[in-house]
Amino acid sequence: MKIKLLVLDIDGTIAGASNQISSKVRNTIKKVQNQGVAVTLATGRMYHSALPFHQRIASDLPLIAYNGAWTKDPQDGEILREYSLPTAIALEILDYFETGDLRERLEIHTYHQDQLYVRKITAETQRYIARSGVMPHAVGDLRPIIKKSTIKLLAISPEMGLIQQLIEDLRLRYSTDAVHLTQSTDIYFEITHAQANKGQAVQQLAEEHLGLEAEQVMVIGDNFNDVEMLRYAGLGVAMGNAPELVQSVADWVTDDVEEDGVAIALEKFVLS
């Protein structure tokens, strides 16, 4: 069946170390659009951090942000999908992240009304700012923000072993019906509403908004937060820089982001 919708991740997929879309990838996406394929993004980024990339590929579709917790149409501002974390669970997880020495070993981000809140500005915060283009609000205690509502919690640590331990611990504490736990990088542990994942968001966009079937959808991603949409799509492509477990659920594996793997996949499956 012919591909009618292409959904792309940003970091590690269309944007590598430079934090830019290469001219080859951008031009190939344009060729795909000229063939009548609709293109949009599905990312773990905040909406307004992802919007410049959405504009660079000249998408006229809604943008999927926060790992599928938030879908917004930039053209009219309509929010098509919004799933905030249950407040009680978000507060419990924050308490856990601040137990003992975890408080000093983790940087915690929380998000409310597409704004980023942190306890304080650290070197890790500065790296996040440089990549995302987002200016955070340093508030000390994150609890008052979470009590209003939060779309996502993000725990950051350069200790990859610690991130894995946190994931294992929270998977024992909470069922998949309570929260969605995933990673967007080795050092980013992301917690969202149980129904907030890219797979469900892409399915909603394709089937309810565009009237398409899964077989007409192609997705490309590079990390664990892309797994659900790789499984949903009729054609799921993993990047060459994706972890082996992510590659194993894809239908095909393309080249690394730095080698314009997205362009290679599109030339093979859409433009050939």
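The model is predicted, with local features needing pLDDT of at least 70 and side-chain atom pairs counting only at pLDDT 80 or more, while totals for chains, interfaces and linings use all residues. Residues are numbered from 1 along each chain as its sequence is written, and side-chain values use heavy atoms, with hydrogens and water left out.

Q: What makes E6 and E7 a pair of strands?
A: Strands (E, at least two residues) and helices (H or I, at least four) are DSSP runs, numbered from the N terminus. Two strands pair if DSSP finds at least two bridges between them. Strand E6 (residues 107–112) and strand E7 (residues 115–118) have 4 bridges, in the antiparallel sense, so they pass that cut-off.

Q: Why is E10 called largely enclosed?
A: Buried means under 20% relative accessible area, exposed means over 50%, and partly exposed is in between (1.4 Å probe, protein chains only). In E10, 6 of the 7 residues are buried, so the rest of the structure largely encloses this strand.

Q: Why does Ser-184 count as buried?
A: Ser-184, in strand E10, has a relative accessible area of 15%, so it counts as buried. Leaving aside neighbours within four places in sequence, Ser-184 is in contact (heavy atoms within 4.5 Å) with Glu-190, Asn-223 and Asn-225.

Q: Why is Gln-203 called partly exposed?
A: Gln-203 is found in helix H8, and its relative accessibility is 32%, so the label is partly exposed. Not counting residues up to four places away in sequence, Gln-203 touches Glu-208 and Tyr-232.

Q: What makes H3 oblique to H7?
A: Axes are lines fitted to C-alpha atoms, for helices over the stretch in contact, and angles run from 0 to 180 degrees between N-to-C directions. Angles under 35 degrees count as roughly parallel, over 145 as roughly antiparallel, 65 to 115 as roughly perpendicular and the rest as oblique. Helix H3 (residues 87–97) and helix H7 (residues 160–173) pack at about 140°, with axes 12 Å apart. That makes H3 oblique to H7.

Q: Which residues make the contact of H3 with H7, and how do they sort by class?
A: H3 brings Ile-93, Tyr-96 and Phe-97, and H7 brings Leu-166, Asp-169, Leu-170 and Arg-173. By class, that is 5 nonpolar, no polar and 2 charged residues. Here Ala, Val, Leu, Ile, Met, Phe, Trp, Tyr, Cys and Pro count as nonpolar, Asp, Glu, Lys and Arg as charged, and the others, Gly among them, as polar.

Q: Why are H1 and H11 described as roughly parallel?
A: The axes of helix H1 (residues 23–34) and helix H11 (residues 261–269) come within 8 Å and cross at roughly 25°. H1 and H11 are therefore roughly parallel to each other.

Q: What is the handedness of the crossing of H1 and H11?
A: H1 passes H11 in a left-handed crossing. A crossing is left-handed if the near helix is turned anticlockwise from the far one by less than a right angle, and right-handed if clockwise.

Q: Why is one side of E3 and of E5 left without a neighbour in the sheet?
A: In this open sheet, 3 strands run in the order E3-E4-E5 with antiparallel pairing. Strand E3 (63–65) and strand E5 (79–82) stand at the edges, each with a single partner strand, so one side of each lacks a neighbour in the sheet.
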